[in-house]
Structure formats: structure tokens, C-alpha cells
Amino acid sequence: MQNKKRLINFKYLQKEKTQEIFTGYLMLLPFLVIISVFIIYPVIYSFRISFMDFTFLNPSDAKWVAFKNYIVLFKDKSFLQSIKNTIKMLSIIVPIQTILSLVLANILNSKLRFKPAFRTIYFLPYITSLVAVGAIMVHLFSKNGIISRFLTFFGFDNVTWYADYRYAFYLVAGTIIWTQIGFYMVIYLSALQDISSTVYEAAYIDGANRFQIFFFITIPLLRYTTLLVLVMGVIATLQIFDLPYVISTTGEALSGSPGGTTLTMVMFLYTQAFRYFNMGYASAAAFIIFCMIFIITIGINSFKYFKKEF
Amino acid sequence: MIKRALFYSLLCVIVIIVILPFLWTLYASFINSDLDVNKFSLDLSKYGLGNYTHIIKSNYLIIWYKNSIIVTGVITICGLFFNTMAGYALVRVKIPGQRILFLLTLGIMMIPPQILLIPTYILMIKFGWINTYLALIVPFMVNPFGVFLMRQFYINFPKELEDAAKIDGLSRIGIFFRIALPLSKAGLAAQAIIIFIWNWNSFMFPSVLVTDPKYYTLPLGIYQITRNTFVSSITKSMAGVVFMTIPVLIVFIIFQRFFIRGISETGIK
């Protein structure tokens, strides 16, 4: 009798277990299907056509050319310029936005009123469409535009920035920083709020002044967050497309104008693929960008994963 | 005391730097003549709604609005549904390969979207979805960030409620829909607003997947307006910008608490 009961219980548990597994996979199904079709397959496909001479104007003519696309890419002046521009943007945008958002977060973290209001206001540029931001900045910085004229006090020429060989790049970089500061400030703010005030009190008692507290206590405590902000900033900057594209194509100009000074790597990809329809060539560029970003992301994330007491 | 005054004034200077472009946009959108854009004049006769009426009449602005609302709305609702289910399944449901699937989700999050641009375009052409809502919606219905966010949320979810329901005979799906989901409002709100804002402002992918102006979303449409009217009218393009930005602004101001909390949680953890 006992054995029969145990057998029945076992079968019931088995049924429950399979039902649970079935439900689990059912719940994951839409997600898995869509990422398989629209993310995993495209990545593989992109990798494959990067080895082909594939122009969309004549798809059936595609032929396998192994590494030719990649070799030509590294001799392509436009591509090299886009890499140079993107790295230049990295070196300007990431440090400035990190430092400014850190300082701003600290100021906002002290005992002030209206904190939520300030925080919301600083966040506004981040949630605005980059098309809109581009359109606005193009006009504010055009000849006799309000900001152009204001900046003449600081020694800048009164020109249309987006069309000027010297200034266009800095218009893009500056605008990007303007949009990103609110976002990183919020990340720093959350991290700052996790630091208990007893740390600061102890420092005060020991006679430290505000600057010493900031440099020797706050900043070291924010090491992890700063790493996060830096990584996010680097990845986002490597992917920049919308803003420089909108600004440089104003008034029917070619993307990357003037003279390719605002051309980023992703803009190069886009132009190759959708203006010249060299899908294979563009995919090779895409894959190079992908590798750069993917390697950085994996590197940092595994570092984070394996060294939990950072 | 001096320190406090210093901080406030610095913060206010930054407010000006942040807000000035928006204020100018609002101002320029109501000015009738292009020549006045760069000066501030109190002459009320120079203001008017002419720009707004013009762009509504001469463009598909209303249609673009409709498109953006439909596309962003459907993506947000589907995303909430599919992402949350997946996030829940990754945490609470005992299935083999749970950990592998989670690592897969993390891996997908690290893929930069640019590499998907060309293949998605080619895929949409093969499916015949170019210039339809399908191309604008389906590839973006699911988002690994959303799955990750909900997974983090459900890790801290009280298990006792679920166990009690299970004893009472509720199936796993039942538990999800009747207990877990209604109590996840905070996580859902954070996810919803991130998805909404990101997709409302999305430009790169739609610019490639949709070439017929009748199917443009707002960013594409406004881009067209600013490009085409550039020579002829700054004021009209500013009116377009205001049109596009107002909904996002309103949604954001209402839900900003959740948005910021959502970012902090995915970012920090």
C-alpha cells in the first residue's frame, strides 16, 4: 500500500515539474523568438556578408571576396577619418561629461531645497529627440544666432558653426555633452545617496575641510560608479550617429560635412550602406565597430563579475 | 551660508544653460517672421500661430503624430508584456538552462545596435515589411534591458505570497498574472517610460526602414521639415520641434520618478 502511494505522489510531482518547465519556456518564448530572428540571426548574417562584395543595387551578383572588404577599409581615407573623429570625440566628450556630472551630482547632493526640480530640469536634454536638439543647436549657433553672438565675447568668430570647418566638430561634441550630463548626474546621485552620512561626519570630526572630503573620501568611494559612467560613456560615444548626422546634413549637405569633420564611424557605415548601397563593405565596417564595442563591454563586465569587492 | 548661496547660483546658471535652447525654441516657434528670430522683441504683433498652422497643413504632421503614437504605444505595451514575462521566468520558474538564458540576455544587451541596421533592413525587404508598421514595431517589441530590469525586480519579490497561492492551487501562469504582475507596478512604470522615450525619439532605424513620408514617425518627419524648410523658414522648423517634444516632456514630468529609479537600478546593479 505504501509503495503505491509513493508511486502516485512521484508521478504527480513529475507532472507538476513538467508543467512548470513548459510554462517557463512559454513565458520566455516571445522574447526568445524575437531576439533569435531580429538580433542573433542578423549578427551572423552581417558577419557573413562582410566577406562578400555585396551591393544592394544588384544583390544576385554578390560574390565571396574573403578579407578584401576589410583590407580596403583600412586604406579608405573616409573610414580612417571617421575613426579619428570618433576617437577625438571620445577624448573630449567622456572626460568632460564625467567630471561635470560628478561635480553637479555632488553639489545637488548637499543640503539644498528643490532637489527634484533641479534633477528633472537637468534631465530634459537627455529625453529630447536628438533630431530636435540638432535642429535647435544648428540655429542657435548659426551666423548671428544667439549663442554664436554670445560666444564672440570669448573670442570665437561669428559664423555658422555647423558649416565651419573648424567649429562643426566642437558643436557636435559640445551638444552631446549637453545632452548627457543630466543622465550621468542621476547615476552619480543614486550612488552618492548610498554613502552613509556617518562617513562624512567622522571626517568632519577629524578636521577635514570640504575639498579634502571631496577628493579623498567621496571620489574614492565612487570608484565603481565612475567606472560605470566611463564605460557607458565610451560605449555611447562610439555609437554616436543621430546628432552629427542631423547637424551635418542640414540644408541638403552631405553627411559628415563640412569636409568629413563630423563623420563618425557609424555615420560612415550608414552612408556606405544606404547611400552607396555597398552592403558588404558597410557590414565589414559595422563588424569592426561591433568588435571594438563588444570587446570593451565584455572586458569591463567580466572584470566587474569576477572582482566583486572592488 | 556663503557656500550655500554659491551652490544655488551655480545650479541656477546650469539651469539657464540647460533651459535656454528650449526657451528659444518655444519663442521662435511663435515668431512670424524669420528675421526676428535672433532678437527678443516685446512687440506682440510679431507673434502668432502662423507657423503651427502652416506645418500642420502643408505636411503630414498629424499623420506622423498618429504613426508615432501607434508605433511607440504598441512597442511599449508589447515590450512590457513580453519582457516582464521573460524576466519573471528567468527568476521564478524552475526550468533547465535558466542561468544560460540569463547570460544570453546579458550578452544580447552588449550587442551594439548598429550591426543590426543592415541585416534588419534586408530582412524587412525580404518579409515585405518596408513602409509598414510591422517594420517599425516588430524588431523592437522585445528589449533585453527590460528583461534584465524585471529580473532584478523579481529577485527581491516576496516568495511567501507565491507559495501561499501555489498551495491554494494556482498554476504558475496564474501566479504571474494575478499576484506578481499587479504588484510590479513600480518596475513596470520604470520599464514603460524608458521604452516609451527611447522609441519615441528613435531615428536611425526608422530612417532606413520607412521611406514613404506617410509612414514616417515624428523624428523622421521633423528631420524632413528642418532639412527642407531650412532655407525658407527657421520658425516653422522650431514649431515642428515643439510639436515633437511636448508629449515626451509631459510623459517624462509625470513619470520621472520611475524613470530615474529604473536607470539607477539597471545601471548600478
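Reader: Which loop of chain A holds Phe114(A)?

Author: Welcome, and do keep in mind that this is a predicted model. To place Phe114(A), look at the helices on either side of it in chain A. The loop that holds Phe114(A) is the one between helix 3 and helix 4.

Reader: Is Phe114(A) buried or exposed?

Author: The way to decide is to count C-beta neighbours inside 10 Å, and Phe114(A) has 12. A residue with 12 or fewer counts as exposed. Phe114(A) is therefore exposed.

Reader: What is the phi of Phe114(A)?

Author: Most residues other than glycine have a negative phi. Phe114(A) is not a glycine, yet its phi is positive. The value is about 65°.

Reader: Where in chain B is Asn131(B), and what is its phi?

Author: Asn131(B) sits in the loop between helix 5 and helix 6 (133-137) of chain B. With 17 other C-beta atoms within 10 Å, Asn131(B) is partly exposed. Asn131(B) is not a glycine, but its phi is positive, at about 60°.

Reader: How far apart are the centres of the domains of chain A?

Author: The domain assignment of chain A gives domain 1 (2-39) and domain 2 (71-306). Taking the C-alpha centres of domain 1 and domain 2 of chain A, the separation is 46 Å.

Reader: Which residues does Phe51(A) touch, leaving out those up to four places away in sequence?

Author: Phe51(A) lies in the loop between helix 1 (2-49) and strand 1 (52-53) of chain A. It is partly exposed, with 18 other C-beta atoms within 10 Å. Leu254(A) is 203 residues away along the chain, and the C-alpha atoms of Phe51(A) and Leu254(A) are separated by 28 Å. The residues that Phe51(A) touches are Trp64(A), Val65(A), Ala66(A) and Asn69(A).

Reader: Which helix of chain B gives the largest share of the side that touches chain A?

Author: In this contact, 67 residues of chain B meet 69 residues of chain A. Several elements give two or more residues to the chain B side, including helix 1 (2-30), helix 3 (61-92) and helix 13 (234-268). The largest share is 14 residues, and it comes from helix 13 of chain B.

Reader: How are helix 4 of chain A and helix 1 of chain B oriented to each other?

Author: Helix 4 (residues 115-127) of chain A packs against helix 1 of chain B with the axes 9 Å apart, at an angle of about 40°. The crossing of helix 4 of chain A and helix 1 of chain B is left-handed. Angles under 35 degrees would count as roughly parallel. Helix 4 of chain A and helix 1 of chain B are therefore oblique.

Reader: Which residues of helix 4 of chain A make the contact with helix 1 of chain B?

Author: On the chain B side, helix 1 brings Leu11(B), Ile14(B), Val15(B), Val18(B), Ile19(B) and Phe22(B). The residues of this contact divide into 11 nonpolar, no polar and no charged. From helix 4 of chain A come Phe118(A), Ile121(A), Tyr122(A), Leu124(A) and Pro125(A).

Reader: How many polar residues are in the contact of helix 3 of chain B with helix 10 of chain B?

Author: The axes of helix 3 and helix 10 (residues 185-200) of chain B come within 9 Å and cross at roughly 145°, and the crossing is right-handed. Among the residues that meet are Ser68(B) and Thr72(B) in helix 3 and Gln191(B) and Asn199(B) in helix 10. The contact of helix 3 with helix 10 of chain B has no charged residues and seven nonpolar ones, and the polar residues number eight.

Methods: Residues are numbered from 1 along each chain as its sequence is written. Chains are lettered from A and ligands numbered from 1 in the order in which they are written. This is a predicted model: local features need pLDDT of at least 70, side-chain atom pairs count only at pLDDT 80 or more; totals for chains, interfaces and linings use all residues. Domain bounds come from an automatic or database domain assignment. Two residues are in contact if their C-beta atoms, placed from the backbone, lie within 7 Å. Helices (H or I, at least four residues) and strands (E, at least two) are DSSP runs, numbered from the N terminus. Axes are lines fitted to C-alpha atoms, for helices over the stretch in contact, and angles run from 0 to 180 degrees between N-to-C directions. Angles under 35 degrees count as roughly parallel, over 145 as roughly antiparallel, 65 to 115 as roughly perpendicular and the rest as oblique. A crossing is left-handed if the near helix is turned anticlockwise from the far one by less than a right angle, and right-handed if clockwise. Ala, Val, Leu, Ile, Met, Phe, Trp, Tyr, Cys and Pro count as nonpolar, Asp, Glu, Lys and Arg as charged, and the others, Gly among them, as polar. A residue is buried if 20 or more other C-beta atoms lie within 10 Å of its own, exposed if 12 or fewer, and partly exposed in between; C-beta atoms are placed from the backbone.
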